[in-house]
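Take a look at the chain below. This report walks through its parts one at a time.

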Amino acid sequence: MLKFDIEKSAGLARVGVIHTPHGDIKTPAFVGAATRATVKALTMEQMRELGSQAILANTYHLILAPGADLIEAAGGLAEFSSWHAPTFTDSGGFQIFSLPDVKISESGAKFKSHIDGRKFEMTPESSMQDQWKIGADIHMAFDQLTKSDQYEDMKQAMDRTHAWLDRCVAEHQRLASMASTGDGLGRAPAEHPKGGAAGEKSPAGPVEPMQYLFAVVQGGNFLDLRAESAKYCASKAVDGFGIGGVFTAEGMDEMLKTVNSILPENKPRHLLGMGQEPLDLFVGAEFGCDTFDCVGPTRMARNGSLYTLDGRINIKNAKFKHDFTPLMPECDCDCCKKYNKAYLHHLFKTDEITAKILASIHNEHFVIQTVANIRESLLNGTFQDYKRSFLARYY
RNA sequence: GCUGGAGUCGUCUAGUGGCAAUGACAAGAGACUGUAAAUCUCUCGCGCUUCGCGCUUCGUAGGUUCGAGUCCUACCUCCAGCA
């Protein structure tokens with residue numbers, strides 16, 4: 001069982017520590033989206049420097065390239081990517097559901113690679129197997145999403161997700177027992193790195209040969225479905241929960257209240273894909289989510305949309321051409337400490353790679369630090385004040 | 001000086017009788033939430049009451065034509081070849 005200690009809680013919000021085989025995650029925490037085993041435009045070293053505790057990679061992308069077998073041969077995601085710290089993988093459900101030619105049936109999903117048209121089938125079992133090969137600390141159950149906002153469609157996707165969850169749990173347990181005897185997938189005990197601070201190669205040693213499974217709660221914006229899904233997931237032998245299918249912050253607070261009041265307190269909860277808007281992070285943490293991941297901060301960084309305490313700015317705008325002040329004076333990331341807006345503007349206008357690198361450093365630092373600040377404010381009881389002042393200034 | 005070719009939005013470019021006129025770049029702005037995203041969208045002659053209307057445009061000045069960036073004449077500029 002994944003160890004999760006709660007240091008303090010207030011209402012649904014809590015401050016805790018997730019103990020993974022690759023180290024601890026102090027929660028609430030923002031997890032960097034490293035879809036293809038890299039956070040776009042950033043090195044793992046830069047991710048460490050800007051305070052990232054964990055990354056989340058994607059099973060769909062990794063089975064297309066370089067392949068789960070190759071990552072297994074490399075010693076797992078952490079070794080392969082040189083991220084010697086906690087890792088998550090998403091199941092691939094989200095990507096597959098968004099492909100144009102996907103056939104979903106009870107058994108799984110058939111789809112073609114968007115890269116070369118190769119045909120694939122992903123099932124709950126194959127997703128579990130691939131995730132074990134990739135070897136992240138925390139795996140997501142293979143779930144089905146729907147873009148529809150119709151109740152019946154949502155219920156159907158939820159029911160299928162639940163049916164798949166049973167198969168994910170069974171396959172996960174089978175793989176776990178094989179791994180514990182040393183003849184299965186995943187890292188054998190002796191080569192499984194332990195603990196270790198981020199940035200240093202972890203000392204080898206006997207550790208629990210374990211990878212952990214999170215169930216994914218579905219149900220869209222229908223509170224009764226969310227409640228049903230939360231109850232179903234809570235009843236399963238899983239180590240934590242992903243909360244999926246959230247596309248806007250609107251109504252998220254009510255949904256999270258419903259879901260997180262039902263989910264067991266002693267297991268971590270990951271809010272899948274949310275965190276582009278600072279509001280998401282405050283609401284998520286306030287209503288009981290422990291970890292977040294989102295592609296928004298780095299994607300927007302690459303497109304020139306940068307966070308400041310006064311809201312997002314588009315650094316490509318002409319008004320920054322002669323602006324020699326730092327992007328965000330209060331920020332202590334490398335981008336803000338060493339460079340000014342006119343320079344960033346110039347790098348973007350001339351399409352230099354460094355533009356995307358510096359912008360990604362800043363945006364990723366901004367969300368990671370915001371969540372870290374939320375953690376601090378929860379610990380010292382100033383969360384509501386912090387939330388109020390932050391949001392008033394930002395929006 | 002002669003002969004041939006060329007002058008179109010900031011730049012390059014399409015256009016050979018019905019065009020405010022193609023495409024690219026540049027410029028201006030917007031979007032982005034479990035990443036097919038180093039992406040995508042919009043504006044880009046001027047002015048309005050902007051699903052439309054008016055005005056002014058394709059080196060300059062004339063001409064032919066219902067209608068000219070497109071045809072004709074002259075001139076200006078540039079390029080190539082010949083003197």
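In this predicted model, 24 residues of domain 1 are in contact with 22 residues of domain 2. Which elements give two or more residues to the side of domain 1 that touches domain 2? They are β1 (3-10), β2 (13-20), β4 (29-33) and α10 (278-286). Of these, α10 gives the most, with 5 residues. The domain assignment of chain A places domain 1 at 3-294 and domain 2 at 305-394. Taken over C-alpha atoms, the centres of domain 1 and domain 2 are separated by 28 Å.

**An enclosed strand**

Now turn to strand β11, residues 212-217. Is β11 enclosed or open? Of its 6 residues, 6 are buried, so the strand is largely enclosed by the rest of the structure. A residue counts as buried here if 20 or more other C-beta atoms lie within 10 Å of its own. In a regular strand, side chains alternate between the two faces of the sheet. Look for that in β11. Y212, F214 and V216 point one way. L213, A215 and V217 point the other way. All of them are buried.

β11 pairs with β10 and with β12. Strand β10 (residues 138-140) runs parallel to β11, and 3 bridges join them. Strand β12 (residues 240-243) also pairs with β11 in the parallel sense, over 4 bridges. M140 stands opposite F214, and in β12 the bridge partner of F214 is G240. β11, helix α8 (residues 223-234) and β12 make a right-handed β-α-β unit.

| Strands | Sense | Bridges |
|---|---|---|
| β10 and β11 | parallel | 3 |
| β11 and β12 | parallel | 4 |
| β7 and β8 | antiparallel | 3 |

**An open sheet**

Strands of a sheet pair through backbone hydrogen bonds, either parallel or antiparallel. The next sheet is antiparallel. It is an open sheet of 3 strands, in the order β7-β8-β9. Which strands stand at the edges? They are β7 (102-104) and β9 (119-122). Each has a single partner strand, so one side of each is left without a neighbour in the sheet. From one strand to the next, the twist averages 15°. β7 and strand β8 (residues 109-112) pair over 3 bridges. Within that pairing, V102 has F111 of β8 as its bridge partner.

**Two helices**

An α-helix has 3.6 residues a turn, so residues three or four places apart point the same way. Just after α13, D351 takes a positive phi of about 60°.

One residue of helix α14 is A372. Is A372 buried or partly exposed? There are 17 other C-beta atoms within 10 Å of A372. A buried residue needs 20 or more, and an exposed one has 12 or fewer. A372 is therefore partly exposed. Its C-alpha atom lies 8.1 Å from that of F30. Along the chain, A372 and F30 are 342 residues apart.

Note on methods
Residues numbered from 1 in each chain as written. Chains lettered and ligands numbered in written order. Predicted model: local features only at pLDDT ≥ 70, side-chain atom pairs only at ≥ 80, totals over all residues. Pairing = 2+ DSSP bridges. Right-handed = clockwise from strand over helix to strand, strands pointing away. Axes fitted to C-alpha atoms, helices over the stretch in contact; angles between N-to-C directions. Domains from an automatic or database assignment. Contact = placed C-beta atoms within 7 Å.
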